[in-house]
Amino acid sequence: MLVSKDSYMYEMIRTELTDIVGDDNVCTRDADKFGHSIDYYWIPEMWHDRGMETPKPDFIIHPGSTEEIARVVKVANHYRIPVVPWGGGSGSQGGALPVYGGIIIDMKRMNKFKGIDKEALTVTCQTGMIARHLEWSCNKEGYSTMHLPASIACATIGGFLAHRGTGVLSTKYGKIEDMVMSLEVVTPTGEIIRTLPVPRHASGPDLTMLFLGSEGTLGIITEVTLKVHPQPEAREFRAYIFKDFHTAMSAGAELMRSRLQPCAVRLYDEEETIHHVRKVFGMELDKGAYLVFGFDGRKDIVDCQMRYAREIMEKKFKGKDLGSKGGELWWENKYKFFYPPFMFHMPQAFGTLDTVATFSNIEKVYWAMKKVVNENFPQARFIGHFSHWYEWGCMLYARFIFEEEHVPKDPREAAALYNKVWDMAIRAAIANGGVINEHHGVGLKLGRLMKELYGPAMPVLEGIKRQLDPNNIMNPGKLGFKGV
């Protein structure tokens, strides 16, 4: 912020903010500022670990209503103060970091469950609600959002909307943007708007899709109406081992082309099958690539779908059947990868190079990224699995891992090494038909590559940003947009 915290103007601004949300909901304590200066992005974690100062907000606001947010945003515009929305703080891209100070709007007080429309099968809630709490509320009435990501216990609904998040059942039920009916949004100038109440119409461009994935740069999403689904009568999984990654990918692609509508498909390359799947599941697996898939719905339909899927796996691609137990183990342990002792964490250096491409390109993307990491960073390990599948292609969840002895102690050298891996790997993905990211977002981490991805279309995005946010206060420096 341009105003020094030791000046009386700082106190004048705090007075205005306190007048809006109350004294208890304006935080300036050092502990609160520190807690909002680090998310799950590796660089700020490393920066702090090395004893370096992390950028902190000037004020942390805990609003209780959309109207309060609108008033705070108007104050921020008047003083040209950056505003950054904050959900659960579990993002991996630095998207919520207050790199220019200013106001953090922590959304977690806005966590109200507004109810289920049982005729339209929709649910409405405020976006500060933790995803697990929303799911529990729906479950009590016999429904599910079917949005079940690994971060469900700590991330907010607003965080998923901000970066187009994906859950483990996305193959059948879609990503978060496929579940959205309508949004309530506070614009960068402090106006409150609602997008149209239905997602399919010919009433002009779809404003809902403009705000989804905008990562707080075009406004603050305060309320959402989502689709919900009846709990399925049955959900069954089955797993196979294939001789190599290419054969397994071909089998998975054929499953999707069959339009049998699996609820989930996961494919692990040979490296991750050996070093990770075996360890997490406690399974004895042959050498090869592990593929698991499942179906849900009416029991008789699930049985039919599974029968046809098994024919594809066994007759056409000669997969070794691990049975329903091999599949159920994945479902029961699907979140273990992201918690101790299986997760990657400091002092390792690691990153998730997720991208998405068509079936025509996804193997090329995988091999290009693997080659770049293996040849240029031989001290790193590259593993990959394919987490979210669509009719036209799938998502590559690739990761690089440096063990502690290969990570520079100097924080600047460590950051430079980390960024170099990202630059080279993501450029390899783009060159072969991939994109910057599939469901973790762009944030601060990948913003520098947005112009390369979008090319001549990037000025269109920048023009939208200028029009909606003339004072450039909304999460500046993220998504490839300019800083303050």
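Let's start with a bridge: isoleucine 241 has tyrosine 290 of strand 14 as its partner. This is a predicted model, where local features need pLDDT of at least 70, side-chain atom pairs count only at pLDDT 80 or more, and totals for chains, interfaces and linings use all residues. Numbering runs from 1 along each chain as its sequence is written, and side-chain values use heavy atoms, with hydrogens and water left out.

Strand 12 (residues 234–242) is largely enclosed by the rest of the structure, because seven of its nine residues are buried (under 20% relative accessible area, with exposed over 50% and partly exposed in between; 1.4 Å probe, protein chains only). Helices (H or I, at least four residues) and strands (E, at least two) are DSSP runs, numbered from the N terminus. Two strands pair if DSSP finds at least two bridges between them. Strand 12 pairs antiparallel with strand 14 (residues 289–297) over nine bridges, and also antiparallel with strand 15 (residues 320–322) over two. In strand 15, aspartate 321 is the bridge partner of tyrosine 240.

Now the aromatics. Rings of Phe, Tyr and Trp (its six-membered ring) pair if their centres lie within 6.5 Å; planes under 30 degrees apart are stacked, over 60 edge-to-face, the rest tilted. That rule gives 26 aromatic pairs, two of them tabulated here:

| Pair | Type | Centre to centre | Between planes |
|---|---|---|---|
| Tryptophan 42 and tyrosine 418 | stacked | 4.8 Å | 25° |
| Phenylalanine 245 and tryptophan 367 | edge-to-face | 5.9 Å | 70° |

Phenylalanine 245 in helix 10 and tryptophan 367 in helix 14 are 122 residues apart. Phenylalanine 245 is buried at 1% relative accessible area, while tryptophan 367 is partly exposed at 45%.
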